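Have a look at the model before we start.

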Amino acid sequence: MVLNWIWIAFFAIAFIMAVGKTIVDGDFSVWSDIMNSSFSQASFAFEISLGLTGVLTLWLGIMKIGERGGVIEFFGRLISPFFSRLFPGIPKGHPAMGAIFMNISANMLGLDNAATPMGLRAMQEMQSLNPKKDTATDAMIMFLVLNSSGLCLIPVSIMMYRAQGGAANPTDIFLPILIATALATLVGLTALCIKQRIRIDRVIWSWLLGIGGVVGGVVWLFSRLPADKMELYSTFAANVILFSVIISFIVAGVRKRVNVYDTFIEGAKEGFKTAVMIIPYLVAILVAIGMFRASGALDVFTSWVEAGVGALGIDTQWVGALPTMLMKPLSGSGSCAMMLDVMKENGADAFVSRVAAAVRGSTDTTFYILAVYFGSVGVMKTRYAAGYALLADLTGAVVAVIVAYFFFG
């Protein structure tokens with residue numbers, strides 16, 4: 001229901017803005033801008049789906065081998081004490097547990113291309129337990145909020161963009177992003193536990209402390225690396241882990257006497273079907289976002305915030321990163337474009353550019369995730385998923401700005 005009204009609001013605000021520009025400013029071209037944006041965004045949505053087809057085909061094929069080889073079941077048992085409390089609606093040992101674990105692990109390593117297929121597989125497994133196929137379960141909502149909060153230990157892509165932009169030390173944003181994304185995840189998880197009446201017992205606390213220890217360990221390790229080696233080693237570690245997972249799946253399949261090639265093909269066919277299924281959902285959300293942006297509503301809101309912040313006597317340096325902040329839940333490519341635009345206009349090492357990078361890496365793309373994941377299983381009623389995901393987004397953005405002032409202000 002929340003997503004429905006947000007979607008309607010994008011169109012309504014875009015229309016009101018266009019009417020206002022035409023009447024007040026005599027701007028007739030805004031209508032062309034909006035409609036052209038709708039066409040280009042619809043095409044872009046198809047291109048995204050087309051690009052995902054190969055990745056989904058590959059990884060759902062690999063996941064099928066892991067399932068037949070018993071690896072997914074093994075991961076499910078490994079994290080069962082923790083996840084059985086966060087996802088009480090999923091039976092112990094169910095394949096959904098292993099798929100959720102693989103998805104979250106890939107996200108933590110910054111491996112978006114691998115995380116999405118694993119996440120779609122997790123949604124399919126959870127949908128098999130769903131008595132109301134068009135309505136999101138509590139487990140699905142928990143999973144989606146954990147994804148949108150986007151805990152990431154190695155933000156490789158953002159460090160790469162900063163390097164391309166000419167930053168003197170492209171990796172200096174690493175620690176601010178890690179702190180922001182960790183706190184966003186913690187807030188989102190805690191809020192959902194309260195909403196779903198999940199008791200935070202000693203097991204959950206011990207796992208959270210363990211994850212905190214991993215985050216702390218990564219901070220300690222990377223803080224000791226030379227600045228010019230951090231990106232190299234982080235990329236190396238992530239890819240070695242990823243390829244090791246593929247090999248372990250194949251080895252497990254061979255040990256179980258599985259025909260790994262035929263099993264891969266079986267899973268790959270599911271990947272192609274899933275990629276086709278998500279096209280309407282991507283078109284719906286990306287067209288709405290594109291029309292909202294083309295109307296100028298985003299620019300107007302940014303100018304209002306800057307004026308309000310200045311009137312309160314608060315430093316306004318960070319406001320230049322606000323478009324990145326506002327676009328982040330809506331569009332990954334859009335927020336990336338906003339971040340790159342800030343870097344281009346101000347220089348990669350400017351304070352506002354570092355804020356934009358921290359915000360860009362603080363959480364994942366909420367509405368894209370909602371559209372793709374729920375769309376892949378035909379869930380139309382998302383309940384309170386969008387609201388709690390946006391809470392995590394807001395937390396990550398605010399913390400990113402505060403931490404950027406601490407490190408660079």
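Predicted model: local features only at pLDDT ≥ 70, side-chain atom pairs only at ≥ 80, totals over all residues.

Q: Which residues of α14 are buried?

A: Buried means under 20% relative accessible area, exposed over 50%, partly exposed in between (1.4 Å probe, protein chains only). Helices are DSSP runs (H or I, at least four residues), numbered from the N terminus. In α14 the buried ones are Ala297, Leu298, Thr302, Val305 and Val309. Looking down the axis of α14, they fall within an arc of 130 degrees (taken from the directions from the helix axis to the C-beta atoms), so they line one face of the helix.

Q: What does the face of α14 turned away from the buried side carry?

A: That face has the exposed residues Asp299, Trp304, Ala307 and Ala311. Just after α14, Gly313 takes a positive phi of about 80 degrees.

Q: Which residues form the nonpolar patch on the surface?

A: Patch members have over 30% relative accessible area and no salt bridge, with nonpolar side chains (Val, Leu, Ile, Met, Phe, Trp, Tyr) joined within 5 Å. A salt bridge puts a side-chain nitrogen of Lys or Arg within 4 Å of a carboxyl oxygen of Asp or Glu. Here the patch is Ile179, Leu183, Leu186, Phe406 and Phe407, with about 470 Å² of accessible area together (Shrake-Rupley method, 1.4 Å probe). Helix α9 gives the most, with three residues.

Methods: Residues numbered from 1 in each chain as written. Heavy atoms only, no water. Patch = residues over 30% accessible without salt bridge, like charges linked within 9 Å, V, L, I, M, F, W, Y side chains within 5 Å. Helix = DSSP H or I, 4+ residues; strand = E, 2+ residues; numbered from the N terminus.
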